Amino acid sequence: MDLKALGAVLRCPLCNCPLRSPTTLTCGHTLCSHHQTAPCPLPQCTPQNGPPRPRNRPTSRVQYLPPPPPAPLPPASVDVPKLDVSINKIIALLDRVFQDNDTDSGDDDDDDAGASPPLSPAVRQRSDSASPSVRPRKRQRLLSTGPESDDDNDLLSHLRASSARQREIDPHSPPDNSPEDSLEKELLTELSCEICFMLLYSPVTTPCQHTFCGKCLYRSLDHNNLCPLCRDALPGFSFFEDHPVNQILETLLVTAFPEMYTERGEAIAAEERDARLDTPIFVCMLIFPGHPTALHFFEPRYRLMLRRCLEQEVPSFGMIMPARPGAAGAQPDYGTMLEIRSVQMLADGRSMVETWSTFRFRILERGTLDGYTVGRIERIDDVPDSPTLGLTGPFNEELMEICTAFLLQLRRGTAPWVVQRLHNVHGPPPDDPAAFSYWVALVLPIDDYEKAKLLPIRSARLRLRLVVHWIEQLNSNWWFASGCVVV
Ligand SMILES: [Zn+2]
Ligand SMILES: [Zn+2]
Ligand SMILES: [Zn+2]
Ligand SMILES: [Zn+2]
């Protein structure tokens, strides 16, 4: 490991001296904390880095409305500037190694901290407790009674379990214990993310000066706005959207572990690709094709699902109804694909999403991914009404007339608003029998689980017949005749 190269990275870009008491600013620059650090004094730093970059692809047709700008941070405490925890520890580690190298002329003294150059108390403390087995020690601490393990640690334990699985096949576990190797291990520990326990990737440093992989931090923010390590309140999700990476840490990662860093990037990309192989499924409500739907994304798992969707060429997801309440049955097999039209991000990471339903599908195989349902799906399309279907009885036009008459009856009767609402939300009745069957079904005052029976039917005429059957039942029911329409 090239210590000089590492030392060269750990310089303050303002005074050009080795960093002392480093603090990392929201622009990603790390400076000695005795400089005035707000705003960033570096002439090359443009505070906002231009407008926020939408998360979705530039070629995507989704209209992406970024969250409102975050509220300005409260001024950092002037008396005790917080130190960048990772960089501070790495400086201490390298200081100790340099010092060992300098005094290591046959005299195998223990590395007494008394001879250290003047460092901050935090640095001193770290160099006292250095041990070659830092990594296992740290892991044990975090898995037992760390401050973050008191509540809401489902996500953390999930991430750690999956990263532990990845580490088992990770070839980077040096077998021997040379001093060089021990340094590498300790450096690796300091450059590991405390959420996933793997090498930091795109490291983002919080105002409390803890650093996590950018993606890990987003997922933690999906659950709450607390730092996973120190439980300090963090600014909202929008503050970290497109947050600049910690430049010094990223350069260190690339300098110290170039191959491992590249592999991490490839592994993350592969994971995201795998996540896109299956169709994400939002379990929420009944939707028919050809209609707009506005949805509110607030659950952590669906926030993650939405972020992944937005990275697709055509951002879309499947929608199915939940399993019927009370019934022991499984989730329904049939649903509708929704294409995302626009996304309004809110400052806290929730979002309002406008969708358009495109086609029906059947789930052939299902699983879960990071808490949400995914499936292999088969598209369902109508087949033309051919003689082989053996259809008898009324034709489409006749069935549509029955439906229209029923709607007129509603309009003239007790609930004209029902039909008006249908017009307002879903437009005038479509001429196309296929679209018409869904349009009418929307207004019928019957159970959604009953309406969902339209989804698997591959013939507009058969769907219209089912709709007319419902209308006949409604017409014959005494309660409906008495004017009790529930929608
Ligand atoms: Zn400086
Ligand atoms: Zn800056
Ligand atoms: Zn991580
Ligand atoms: Zn923190």
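In the predicted model, Gly349 is located in the loop that links strands S9 and S10. Once neighbours within four places in sequence are set aside, the contacts of Gly349 are with Leu221, Asp222, Gly236, Phe237 and Arg303. A further relation across the sequence is that to Asn224, which is 125 residues away along the chain from Gly349, with the two C-alpha atoms separated by 10.0 Å. Gly349 also belongs to the turn of the hairpin formed by S9 and S10, in which five residues stand between the strands, and there it has a positive phi of about 100°.

The hairpin of S10 and S11 has two residues between its strands, and Asp370 takes a positive phi near 50° in it.

At the level of the whole chain, 17 helices and eleven strands are assigned. Of the 487 residues in the chain, 32% are buried. Among contacts with a separation of 6 or more, 65% are accounted for by residues 24 or more positions apart.

Positive phi values are also found at two serines. Most residues other than glycine have a negative phi. Ser21, although not a glycine, has a positive phi of about 45°, and its place is the loop between helix H1 (3-9) and strand S1 (22-24). Ser21 is classed as buried because 21 other C-beta atoms lie within 10 Å. Ser202 likewise has a positive phi of about 45° without being a glycine; this residue is found in the loop between helix H6 (179-190) and strand S4 (203-205). Ser202 is buried, with 20 other C-beta atoms within 10 Å, and the class requires 20 or more.

The loop between H6 and S4 also contains Glu194. This glutamate counts as buried because it has 22 C-beta neighbours inside 10 Å. Glu194 and Thr211 are 17 residues apart along the chain, and their C-alpha atoms are separated by 8.1 Å. The UniProt record, in an unreviewed entry, places the feature "domain: RING-type" at residues 193-231. In the model, that span is 26% helix and 15% strand, and its end C-alpha atoms lie 16 Å apart.

Helix H11, which comprises residues 300-310, is mostly covered, with eight of its eleven residues buried. The buried residues of H11 are Pro300, Arg301, Tyr302, Arg303, Leu304, Met305, Leu306 and Cys309. One of these, Arg303, is also a contact of Gly349.

Two packed helices are described by the angle between their axes and the distance between the axes. For helix H12 (residues 396-412) and helix H16 (residues 460-476), the axes come within 9 Å and cross at roughly 35°, and the crossing is left-handed. On the side of H12, the residues that take part are Asn396, Leu399, Met400, Ile402, Cys403 and Phe406, and these meet Ala460, Arg461, Leu464, Arg465, Val467, Val468 and Ile471 of H16. Divided by class, the contact of H12 with H16 comprises ten nonpolar residues, one polar residue and two charged residues.

Definitions and conventions: Residues numbered from 1 in each chain as written. Chains lettered and ligands numbered in written order. Predicted model: local features only at pLDDT ≥ 70, side-chain atom pairs only at ≥ 80, totals over all residues. Pairing = 2+ DSSP bridges. Helix = DSSP H or I, 4+ residues; strand = E, 2+ residues; numbered from the N terminus. Buried ≥ 20, exposed ≤ 12 C-beta atoms within 10 Å, placed from the backbone. Contact = placed C-beta atoms within 7 Å. UniProt positions renumbered as here; feature names shortened; annotations may be inferred. Axes fitted to C-alpha atoms, helices over the stretch in contact; angles between N-to-C directions. Left-handed = near helix turned anticlockwise from the far one by under 90°. Nonpolar A, V, L, I, M, F, W, Y, C, P; charged D, E, K, R; others polar.
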